[in-house]
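Have the viewer open as you read.

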Amino acid sequence: MVRAMEQGWSARKTRWGNRLAARAVRSAPPAGGFVSMPEPRTVGFYAKGRQLAQGNFLLAGHMVETLAPWDVEPPSQGFAAELHGMAWLDHLAANGDREARLKAQAWVSDWIQRFGMGDGAGWTPDVTGRRVLRWLHHAVFLTVGREAEENQPFFAALGRQTAFLARRWRHATPGLPRFEALTGLLYAAFALIGMEPHRSEAVGALTRACTDDIAADGGLASRNPEDLLETFTLLTWALRALEDAGAPIPAALETALGRIAPCLRTLRHADGGLCRFHGGGRGMEGRLEHALSIADVPVRPNRSLAMGYARLEGGRTTVLVDAAAPPGGPAARFAHASMLAFELTSNRRPLVVSSGSGVPFGPEWEKAGRATNSHSTLSLDGFSSARFGRVSRPEEGGAPLVEGPSLVTQHRSDERDGSSLLLSHDGYVPTHGLTHIRTLSMGRDGRVLLGEDTLAALEPPHRKTFEAVLMRGKMRGVSYALRFHLHPDADASLDMNGSAVSVALPSGEIWVFRFDGAGRLSLEPSVYLEKGRLAPRPCQQVVIRGVILDDSAQINWTLAKARDTPLAIRDIGRDDDLALPRDLFALD
């Protein structure tokens with residue numbers, strides 16, 4: 001309770017500090033123009049740009065139809081942050097026609113008139129940094145066809161935002177938010193006339209952040225793969241900005257890029273998407289390849305853990321496993337109880353997945369998406385492998401993950417014919433005295449994944465706890481469920497009188513799931529929580545339910561390609577780039 005109160009007071013102090021700083025920079029000198037016109041680094045989607053130009057804003061899981069976005073009362077804090085961060089300019093610029101350009105110019109001008117003097121929800125270091133980057137990337141798009149006096153408010157607003165970032169970047173949360181603020185400051189300092197005095201501070205602060213916030217294995221404290229991709233992208237933009245200005249490249253920046261690149265390669269599935277753990281999504285298509293082309297660093301995956309994740313691969317099949325304790329500190333508010341959960345992708349098609357982040361769909365989905373039941377692992381009925389603490393202010397984020405495992409182990413074995421992982425966590429020891437042990441093995445051809453899940457009371461004190469739980473339950477045992485969430489595009493059916501599950505992928509591949517041990521196999525409804533959609537997508541999950549009456553229980557299972565599935569399949573079907581139903585809007 002004391003810690004929650006302290007965190008609440010700290011958050012309120014930060015908000016007031018941002019407001020005061022935003023008002024203090026009202027008299028900051030305007031930018032005098034561009035030292036050299038920045039080139040756009042961001043990538044958007046043409047179809048999304050068309051829909052934005054028609055006034056359809058799909059942000060943070062909410063659809064708002066308006067041609068005056070600043071008149072809208074934001075339906076959520078996330079919507080407000082995305083609206084004021086203006087990453088949607090990427091899509092309007094990708095559209096690139098006159099209508100899209102005029103809309104972008106009008107909406108940016110309207111923002112300057114309403115909020116440019118330090119008002120509104122957009123004056124936080126990370127959102128301001130994001131907005132400054134977009135304004136600079138799309139500077140030609142936003143200023144072309146206008147008289148010099150029409151662009152003066154644009155440069156004046158850039159000057160105020162640069163001064164705000166110089167004051168407040170220290171108060172951004174370590175990790176991605178801090179890198180957003182610092183990259184925005186650095187870009188403005190090197191791109192804008194009159195902002196040169198901020199260069200030394202921006203480079204020095206970014207150098208320290210690379211040293212402090214990037215771990216030796218290239219990971220972030222949040223353990224969010226998508227955050228790591230965004231951080232890597234920001235650092236490549238900073239690198240290019242320094243190169244274009246002829247400025248020295250800090251060694252810490254190059255070191256950080258060299259660490260992050262192989263880490264991201266480890267966290268990337270065979271289809272190019274990232275594993276979806278701890279609030280992260282699959283990442284924008286092509287962003288990693290674009291960033292790697294700028295950074296020009298090696299991309300071989302790590303054999304050891306990368307940001308707490310272990311990887312198995314064979315043929316064109318990848319398995320990624322959460323093999324570490326959940327993050328603590330500020331990141332605990334977004335952490336998932338996903339210990340020992342895995343995802344499997346075959347060629348271009350995800351098969352076994354995590355449900356994902358429910359943040360865009362409201363507090364109830366946010367909490368549900370973080371629970372162990374929403375991940376492809378074993379859980380005890382009514383319990384997650386970590387518990388949720390209290391949240392003092394819901395608008396500041398979810399409840400922190402507490403009372404998680406104190407010990408998560410991982411051992412990897414590489415043999416001539418394949419690789420295996422032996423993993424364990426003690427998240428259920430305090431409540432039930434049980435340790436979850438999981439073994440995963442995959443051959444070189446990637447056609448078979450062998451699994452073994454064990455619940456066991458390993459120590460005498462653990463057995464006493466387990467026996468006490470049994471007595472409280474009148475010896476009815478402890479119920480457990482072993483779950484395998486399937487991607488929405490996977491078509492599953494029960495076979496062999498309910499003793500196996502066949503899963504057909506859009507590519508034509510057939511995978512068959514079987515298990516050996518006590519329990520009942522079933523197919524149950526599930527959801528796939530995907531950013532950029534209005535509602536969760538329905539899908540299925542394979543579930544084995546059982547009861548443990550002794551101090552140990554074991555389930556052996558296999559997930560294998562059907563024998564008649566060829567080694568290579570021609571899979572050239574193009575997925576829709578726009579994560580919206582095709583009939584939601586009519587595009588002429």
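## Ground rules

A helix axis here is a line fitted to C-alpha atoms over the stretch in contact, and angles run from 0 to 180 degrees between N-to-C directions. Helices (H or I, at least four residues) and strands (E, at least two) are DSSP runs, numbered from the N terminus. Contact means heavy atoms within 4.5 Å.

This is a predicted model, where local features need pLDDT of at least 70 and side-chain atom pairs count only at pLDDT 80 or more, while totals for chains, interfaces and linings use all residues. Residues are numbered from 1 along each chain as its sequence is written, and side-chain values use heavy atoms, with hydrogens and water left out.

## α11 and its two partners

Start with α11 and α13: their axes come within 9 Å and cross at roughly 35°. The crossing is left-handed, the term for a near helix turned anticlockwise from the far one by less than a right angle (clockwise would be right-handed). On the α11 side the contact uses Leu 229, Glu 230, Phe 232, Thr 233, Thr 236, Leu 239 and Arg 240, and α13 brings Arg 287, Leu 288, Ala 291, Leu 292, Ile 294 and Ala 295. Sorted by type, the contact residues of α11 with α13 come out as eight nonpolar, two polar and three charged. For that sorting, Ala, Val, Leu, Ile, Met, Phe, Trp, Tyr, Cys and Pro count as nonpolar, Asp, Glu, Lys and Arg as charged, and the others, Gly among them, as polar.

From α11 the contact takes Pro 225, Leu 228, Leu 229, Phe 232, Leu 235, Thr 236, Leu 239 and Leu 242, and from α12 Leu 253, Ala 256, Leu 257, Ile 260, Ala 261, Cys 263 and Leu 264. The tally for α11 with α12 is 14 nonpolar, one polar and no charged.

## α16: one face in, one face out

How does the length of α16 hold up? At 1.5 Å a residue, the 13 residues of α16 (residues 460-472) should span 18 Å, and the end C-alpha atoms are 19 Å apart, which agrees. The expected span is 1.5 Å times one less than the number of residues.

The buried residues of α16 are His 462, Phe 466, Val 469 and Leu 470. They fall within an arc of 100° seen down the axis, so they line one face of the helix. Buried is under 20% relative accessible area, exposed over 50% and partly exposed in between (1.4 Å probe, protein chains only), and the arc is that of the directions from the helix axis to the C-beta atoms. An α-helix has 3.6 residues a turn, so residues three or four places apart point the same way. The buried residues pack against α15 (429-432), β12 (434-443), β14 (478-486) and β19 (537-548). Over on the other side of α16, Pro 461, Lys 464, Met 471 and Arg 472 are exposed.

## α14, briefly

In α14 (residues 363-370), Glu 366, Gly 369 and Arg 370 are buried. Their arc around the axis is only 95°, which puts them on the same side of α14. Their cover includes β8 (387-388) and β9 (401-402).

## Loops that meet

Gly 315 sits in the loop between β3 (309-314) and β4 (317-322), and its 56% relative accessibility makes it exposed. Leaving aside neighbours within four places in sequence, Gly 315 is in contact with Arg 444, Asp 445 and Gly 446.

Arg 444 belongs to the loop between β12 and β13 (448-456) and is partly exposed at 40%. Not counting residues up to four places away in sequence, Arg 444 touches Gly 314, Gly 315, Glu 415, Arg 416, Asp 417, Gly 418 and Ser 419. Arg 444 and Gly 418 are 26 residues apart in sequence but 4.9 Å apart in space, C-alpha to C-alpha.

## Two positive phi angles

Most residues other than glycine have a negative phi. Which way does Ala 60 go? Ala 60 has a positive phi of about 50°; it lies in the loop between β1 (56-59) and β2 (62-65) and is buried at 15% relative accessibility.

Glu 403 also has a positive phi of about 50° without being a glycine. Glu 403 lies in the loop between β9 and β10 (408-415) and, at 57% relative accessibility, counts as exposed.
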